[in-house]
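Here are some exercises to work through with the structure open beside you. Try each task yourself before reading its solution.

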Amino acid sequence: MVPRLLLRALSRAPALGPGAPSRPLSAGPGPGQFLQHSIVPTMHYQDSLPRLPIPKLEDTIRRYLSAQKPLLSDDQFRKTEQFCKSFENGTGKELHKQLVAHDKQNKHTSYISGPWFDMYLTARDSIVLNFNPFMAFNPDPKSGYNDQLTRATNLVVSALRFLKTLRAGLLEPEVFHLNPAKSDTNTFKRLIRFVPSSLSWYGAYLVNAYPLDMSQYFRLFNSTRLPKPSRDELFTDDKARHLLVLRKGHFYVFDVLDRDGNIVSPSEIQAHLKYILEDSSPAPELPLTFLTSENRDVWAELRQKLVHGGNEEALWKVDSAVFCLCLDDFPIKDLVHLSHTMLHGDGTNRWFDKSFNLIVAQDGCAAVHFEHAWGDGVAVLRFFNEVFKDSTQTPAITPQNQPATTNSSACVQRLSFKLNDALKAGIMAAKEKFDATMKTLTIDCIQFQRAGKEFLKKQKLSPDAVAQLAFQMAFLRQYGQTVATYESCSTAAFKHGRTETIRPASIFTKRCSKAFVREPSKHSTSELRQMVAECSKYHGQLTKEAAMGEAGPGL
């Protein structure tokens, strides 16, 4: 019943100085410590979230065939139908039975959660380009606040406020509001907080509000993906209080939380970052950072050599750091340069294994680059939006703020690593591989100024559907064929949901692309508009099915 209720709701949704003490100065447990003070505990809905449903086998096969239809010839499709029928009545039936039985034995989680972690953590390819994405911030609306030191300080403090708010249970629960006038109100919140966690989801449903899974959020901080043979591990140490800063391939750490867990004075954080930015040491000849871009088994073997070579404590400081701040020594030229910089950079100033790298360029351009195994875009996007809002609306410091008078040389530690010949050779090989791989990546962009998503919504068209249709048209124009495409859709409406797949290529996009690219003169404007509308409607259906976990296991 729960999936039907959610589907009904989604169907109504829109289309979519020297001598000073070295002990950290605490700002105290005052208002500057938190982003918000939610009266509804952060994890209030977690226990009552509905479980991810397993689609019926026949529905999965029907959707699979629909996804294959635009890609195959008639003869190929007939053979595929025969294979599917045989599978449905034979091996598929037994596999589906086993999946359902496994799901019943693991009611504390979703059937996809374990395999999803395995998929990411057993992958041996480099996580750079293959897995790690980025999100770029807009500039601070107040231009003076885009000074690198000012912006880095404000972003760090806001990120720490998010951490404290989350851990104190004061972060507003993540909720999808269909009728915010009823559900996103203080009246409702004052009521729902008294509903037991085991029933709270149903209370939210009654006012068209749909809480989302927040089980991934704890991995945002103090977390790192550790390379291991065959399967990596996710490591978290939430007792650590230090920040990791990378600049010119050098590693620096200093405490950003005091012994009571309060955020260190923003002016002291500013002073330590200023000290790091003024460090004139040349970049190391062999930056250790390249190892995090290696094949995971190669990196796992080299990491063992690092540990056995006396680097265990230094590695722990990297792995357990609250997060990694990357201070780049150049400005961003344009959007293409921004994409290359935030997606991969030159390899010297990122620790790709960290749960996230907060990157701040010389001109204040900033982004979040994150490792993907621990979580998906929903958690990162919430963090991203909250940090941007807090750092720009209630910044910790102003451009006129003077850094604290403190002995940064005593507070900031620059980490050093002992490298033997095997490790040096490993870093050189990793760098060569990294440089060669990045040369194969081409990024370009065009900004279409005549219309955007608001225009499309006024035409009752899904902007996402139109973007996917544009991909199909471009590929047909360039390569002369329709191909399978993948689009991710969050299933965070369910406990331990991850993502489901939308297959945007359809008989509708194939017909529409052919009409626009190959025979536009054969169709009237109204016919072309109708075809685009059909694509949008069908894509909306696919999106709703995916959001409901109904695209089919492994489809």
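**Exercise 1. Find the salt-bridge partner of aspartate 232 and decide whether the pair is buried or exposed.**

Step 1. Aspartate 232 forms a salt bridge (a side-chain nitrogen of Lys or Arg within 4 Å of a carboxyl oxygen of Asp or Glu) with arginine 225, and their closest N and O atoms are 2.7 Å apart.

Step 2. Both aspartate 232 and arginine 225 are buried. Buried means under 20% relative accessible area, exposed means over 50%, and partly exposed lies in between, with a 1.4 Å probe and protein chains only.

A word on the model: it is predicted, so local features need pLDDT of at least 70 and side-chain atom pairs count only at pLDDT 80 or more, while totals for chains, interfaces and linings use all residues. Residues are numbered from 1 along each chain as its sequence is written, and side-chain values use heavy atoms, leaving out hydrogens and water.

**Exercise 2. Classify the residues of two further salt bridges by accessibility, then look for a network.**

Step 1. Aspartate 238 pairs with lysine 239 in a salt bridge, with 3.3 Å between the closest N and O atoms. Aspartate 238 has a relative accessible area of 43%, so this residue is partly exposed. Lysine 239 reaches 66% and therefore counts as exposed.

Step 2. Arginine 303 and aspartate 319 form a salt bridge at 2.6 Å, N to O. Arginine 303 has a relative accessible area of 9%, so this residue is buried; aspartate 319, at 3%, is buried too.

Step 3. Through shared partners, salt bridges link Arg124, Arg225, Asp232, Arg296, Asp297, Asp353 and Glu371 into one network. Searching the whole structure gives 34 salt bridges.

**Exercise 3. Describe how helices α17 and α18 cross, and which residues make the contact.**

Step 1. The axes (lines fitted to C-alpha atoms over the stretch in contact, with angles from 0 to 180 degrees between N-to-C directions) of α17, residues 463-479, and α18, residues 507-517, come within 9 Å and cross at roughly 55°. Helices here are DSSP runs of H or I with at least four residues, numbered from the N terminus.

Step 2. α17 passes α18 in a right-handed crossing, meaning that the near helix is turned clockwise from the far one by less than a right angle.

Step 3. From α17, the contact (heavy atoms within 4.5 Å) uses Leu469, Gln472, Met473, Leu476 and Arg477. From α18, the contact residues are Thr509, Cys512, Ser513, Lys514, Phe516 and Val517.

Step 4. In α18, Thr509, Cys512, Ser513, Ala515 and Val517 are buried. Their cover includes α17 and α19 (525-547).

Notes. Helices (H or I, at least four residues) and strands (E, at least two) are DSSP runs, numbered from the N terminus.
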